[in-house]
There are 2 protein chains.
Amino acid sequence: MPPTPAVPHGKRPTLADVAARAGVSTALVSIVMRDAKGAGAATRERVLEAAREIGYRPDTRARLLRSHRSHLLGVQFGLQHPFHSDLLEGIYAVAEPAGYQIALSAVAAGRGEQRATDALLADRCEALILLGPQAPAARLAELAGQLPVVSVARRLRGTAPGVEVVRTADDEGARQAVDHLVALGHRDITHIDGGRAPGAADRRRGYRTAMSRHGLADRVHILPGGLTEEDGATGAHALLDATPLPTAVLAFNDRCATGVLDTFLRARVSVPDQVSVIGFDDSHLARLAHINLTTVGQDIPRLAELAVGRAIARLEGERTPTDEAVVAPHLVIRGTTAGPA
Amino acid sequence: MPPTPAVPHGKRPTLADVAARAGVSTALVSIVMRDAKGAGAATRERVLEAAREIGYRPDTRARLLRSHRSHLLGVQFGLQHPFHSDLLEGIYAVAEPAGYQIALSAVAAGRGEQRATDALLADRCEALILLGPQAPAARLAELAGQLPVVSVARRLRGTAPGVEVVRTADDEGARQAVDHLVALGHRDITHIDGGRAPGAADRRRGYRTAMSRHGLADRVHILPGGLTEEDGATGAHALLDATPLPTAVLAFNDRCATGVLDTFLRARVSVPDQVSVIGFDDSHLARLAHINLTTVGQDIPRLAELAVGRAIARLEGERTPTDEAVVAPHLVIRGTTAGPA
DNA sequence: TCCAATTGCTAGAACGTTCTAGTGAACGAG
DNA sequence: CTCGTTCACTAGAACGTTCTAGCAATTGGA
């Protein structure tokens, strides 16, 4: 049986209401609600009882208006990125036990990053965690001038001083993918890249250097792509138009790889018999059995932990020089890679 | 060139700072910032200039602490539901132009619905929009006693008085799917259901009545399922074990249907040649060309518009009796349905 | 010309918390 | 018995806004 709220709508109970009912001062109620020391056991019980009876809940906005600390971490994420959802799960899991609340702000169709961060700032977040931000480095630097900022999955090489970076070693991931393909016997490996997307430049570079290291510098072939299925499909079409096909394709991410798979399927190009395909992210998509994509997995719990950790460290006064935290990826071999025909 | 913030960290500029710089009272700055009337053109400009110079931003928490209205809508959503992401896009698009802000609270692995709604209440939201809530009706009724509550995609027949419901006509959607299959010549149509998931009961019922209406009551076959790929795969395995196969499968949603497709693919059961498959939601997944799933589409923009609209209507004092808003779905025919072999 | 209405602005009290600085009372040590 | 300490508690001032009055100057109608 849910406790019937004493006050139906509109007015919610306040500290003063509880105080009146328990016959104590508001200050004491505040102490009890925060579980701070300075209240006797009996009174404490009486106050809690009163609070329960009238259905009191502390008002976080008023609370953090007064206390200088807000213990609020603002997180900006993209609604259409499953990868961000996964990161958010991890972020909640780390932040709440550490005593920090999360304020979310989504980037969506008619709602750009500026709008998203503005909302977070207006909410008095103490620090910002930006998932794959696309904003210009100058904007990030500006934000970092106001509060600690952590960029996840977007590299910023000195262009945005003060911004903490947490990212996967994208170049290393691309290298693992190429190594795997070469070990299978592939030599003609095309990379459909991510354009200006976060991480794309590193993956491109990792692909290039890995190819060179295997003596395949002259076989480097990069097609412009992007981070959606459509980008992958476009890239695959370009490959089909300009025969001969490579024997393997390294796509920017899983969504892109899915577009590639799809296009090949419709063109009756068999994967992995004729062409091997590798994605990046190890998203849910990749794990679906009938996609069953070989991919480079990111260590999401670790990324989340680091992101929250860096933000909190900066808040608690740590003054380490800005520094990148780089997390190693790992290849997940599934069914879309095999030796060349 | 971003404006250099006068105050580096910690202290953010307040109304008082702007007032001092512009040589006016804080009240007047407040007026200007809210774009309210009561300030002269020249002073208005001077105040805005001062605000810009020191990088002032209004503090929403303090703002809504004072004003009784908060114009804040709390939205609870599931991180792992692409359908919720789509709804959120629509909700932002409707709410912000209407002058309402959105506070998000996610349901994730270690963070149940209670936690999610508690956070929203503590943030002083004026109304709650719950996407596919799973909480017991009693809990929803309790919430509805405190503030307007809109449940999206979860039907509540009188069990939670005061809760507004916005939903798709799930039974109608299932009917459309069955009609389509029957028109193609199918008679053995199995439904893999959604168990206790929101909407599942209606889809089940729609399937049943549609079958009856076509004189196929004795062919009704319902397998227990759920809302993930895994549930679909489990159902499909059950079908494979108990031959003969039906000629068509209606899955609870697109993810479930994807699991079915996958299992069939691995068992070398050809879709749609041997078995037709229909999903529900018309998610991004269904649109992927190599999934290319025939599915029942929900009118997401309309659902979002209604959800926000009902919440706002209740807030602005409308006292219409609680009532369901039901949105018609529409069949999207793609490549996973054809006539039976 | 005089009173009313309008305009442009300000002082000061809210809002619901937390924090600082107390006040008594009880206690233990000398 | 006296003094310092601890303990349980309270009064009242913040925090950064908005809101209600109200004031002085200007305008306008008769």
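Residues are numbered from 1 along each chain as its sequence is written, while chains are lettered from A and ligands numbered from 1 in the order in which they are written. In this predicted model local features need pLDDT of at least 70, side-chain atom pairs count only at pLDDT 80 or more, and totals for chains, interfaces and linings use all residues; side-chain values use heavy atoms, with hydrogens and water left out.

Q: How far apart do the C-alpha centres of domain 1 and domain 3 of chain A lie?
A: Let's start with the layout: chain A is divided into domain 1 (15-58), domain 2 (70-168 + 300-327) and domain 3 (170-298). These bounds come from an automatic or database domain assignment. Between the C-alpha centres of domain 1 and domain 3 of chain A the distance is 61 Å.

Q: Is A:Ser85 buried or exposed?
A: A:Ser85 belongs to helix 5 (residues 82-95) of chain A; helices (H or I, at least four residues) are DSSP runs numbered from the N terminus. Leaving aside neighbours within four places in sequence, A:Ser85 is in contact (heavy atoms within 4.5 Å) with B:Leu79 and B:Gln80. Buried means under 20% relative accessible area, exposed over 50% and partly exposed in between, with a 1.4 Å probe and protein chains only. Because its relative accessibility is 7%, A:Ser85 counts as buried.

Q: Which residues of chain B is A:Leu104 in contact with?
A: Neighbours within four places in sequence are left aside here. Within chain A, the partners of A:Leu104 include A:Val75, A:Phe77, A:Leu88, A:Tyr92 and A:Leu120. From chain B, A:Leu104 is in contact with B:Phe77, B:Leu104 and B:Ala106.

Q: Which base atom of DNA strand D is 2.3 Å from the side chain of A:Arg66?
A: There are 24 residues around DNA strand D, and A:Gly40, A:Thr43, A:Arg66, B:Ser30 and B:Arg66 come nearest; a residue is near a strand if one of its heavy atoms lies within 4 Å of it. A polar contact is a pair of N or O atoms within 3.5 Å; within protein, one must be able to donate a hydrogen and the other to accept it, and residues adjacent in sequence count only if both atoms are side-chain atoms. A backbone N or O atom of A:Gly40 lies 2.6 Å from a phosphate oxygen of DNA strand D. For the side chain of A:Arg66, an N or O atom is 2.3 Å from a base nitrogen.

Q: Which element supplies the largest share of the surface near DNA strand C?
A: Around DNA strand C there are 25 residues, the closest being A:Ser30, A:Arg66, B:Gly40, B:Thr43 and B:Arg66. The largest share, 4 residues, comes from helix 4 of chain A.

Note on methods
Helices (H or I, at least four residues) and strands (E, at least two) are DSSP runs, numbered from the N terminus.
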